[in-house]
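Good morning, and thank you for the time at today's meeting. Please look at the sequence and the structure as they come up, and I shall then guide you through them.

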Amino acid sequence: MNTRPDQPLRLGTRRSKLAMSQSGHVAEAVRAITGRPVELVEITTYGDVSREHLAQIGGTGVFVTALRDALLRREVDFAVHSLKDLPTAQPDDLVIAAMPRREDARDALVARDGLTFEQLPDGARIGTGSPRRTAQLNHYARSLGKRIETVPIRGNVDTRIGFVRAGELDAVVLAAAGLNRIGRSDEATDLLSVDHVLPAPGQGALAVECLASDSDLIAALGELDDPHTRAAVTAERSLLAALEAGCSAPVGAFADLLADGQTVNEMRLRGVVGTLDGSTLVQLSTTGPVPQSYDEAMSLGRELADEMLAKGAAGLMGERSL
């Protein structure tokens, strides 16, 4: 890290409104910690320019590679990612120096006429580009004795909500964290309980990444790290890796911390894999002491993945919507 106090730190970010908002919050925090100016460097990724559905272009890494290349070329000093976009394998020459406190991990419904999911009519058309959401939304609808039609969509928040406002869709499903970060949480008509729809592994969390050789910057960024968030998302991503599934697979995972009074003493990890039509889900959970190390968090995820595989999860993940 260039240690001249007047030298701006360069933060690499995607160009979307959501990414710029996320990166802006991190930039303010880094300015406060280091006393250094931070400038945002906008980088266009393949996922931003491709119009294909994420499941077709591979999902994992399409929003990340260009940012990582800029880090490795030293065009930026650090980068901010949505953690759910990161591949589970971490490159040796880069390090996630901080995972700040997680936002709301749930999925949010934005529906016409202020409807909740349970109020949607039979046959409602719901927009989502996520196989994970498709599988669980269909299962949720089945549990309510009705049928929905999921419609694959792409685009930023404005584009997606625009389908509802224009009457093309009855609802869309987005990450609650994204709506919160751009100040549009009031547009959600329902927040989907994790009891019905598990989020993507790492959803709602950010990853602040830099070169593994930049020890000064790693130390500074480390002050933004939230240990409980890191333990939870490490367990979730370990489950995803052990199931050998990328972010285009219908896998949901969520780790939450269970408190006894004021003391957080246990972590519950839940995982789900399902067929896209929602007819079959493998959904399991495990509870144990809060992981105190990376290895403990990783083993929690692997153990639950093994149980899910024993229940037939691999066969369900083989299905694709292509």
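In which helix does L71 lie? L71 belongs to helix α4, which covers residues 65–72. Please keep in mind throughout that this model is predicted.

Is L71 buried or exposed? Its relative accessibility is 0%, and the cut-off for buried is under 20%, so L71 counts as buried. Along the sequence, L71 and L11 are 60 residues apart, yet their C-alpha atoms lie 9.4 Å apart in space.

I turn next to the sheet. Strands of a sheet pair through backbone hydrogen bonds, and the pairing may be parallel or antiparallel. In this model, five strands make up an open sheet with mixed pairing, and their order is β2-β1-β3-β10-β4. Which strands stand at the edges? They are β2 (38–42) and β4 (94–98). Each has a single partner strand, so one side of each has no neighbour in the sheet. On average, neighbouring strands of this sheet are turned by 35° against each other, direction ignored.

β4 is joined to β10, residues 206–211, by four bridges in the antiparallel sense. If you wish to find this pairing on the screen, look for V95, which stands opposite C210 in β10.

We now come to empty space. Rolling a probe the size of a water molecule over the atoms shows where such space is left. How many cavities of 30 Å³ or more does the structure hold? It holds one. The largest cavity contains about 80 Å³ of space. Its lining includes T13, R14, F63, L67, H81 and D85. Two elements, α1 (17–34) and β3 (78–82), each supply at least two residues of that lining. Sorted by class, the lining has five nonpolar, five polar and two charged residues.

Finally, I come to the nonpolar cores. The largest one has 19 residues, and those touching the most other members are L239, L243, M267, L269, V273 and M308. Among the elements that each supply at least two residues of this core are β11 (251–260), β12 (263–274) and α10 (294–310). Which element gives the largest share? That is α9, with five residues. There is also a second, separate core of 16 residues, and L9, A98, L221 and L224 are among them.

That concludes my presentation, and I thank you for your attention.

Notes: Residues numbered from 1 in each chain as written. Predicted model: local features only at pLDDT ≥ 70, side-chain atom pairs only at ≥ 80, totals over all residues. Heavy atoms only, no water. 1 Å grid on protein atoms, 1.4 Å probe; cavity = no way out; pocket = protein on both sides within 12 Å on 5 of 7 lines; lining within 4 Å. Points joined across faces, edges and corners; volume = space filled by probe spheres on them. Nonpolar A, V, L, I, M, F, W, Y, C, P; charged D, E, K, R; others polar. Core = buried A, V, L, I, M, F, W, Y, C linked by side-chain atoms within 4.5 Å. Buried < 20%, exposed > 50% of the residue type's maximum accessible area, 1.4 Å probe, protein only. Pairing = 2+ DSSP bridges. Axes fitted to C-alpha atoms, helices over the stretch in contact; angles between N-to-C directions.
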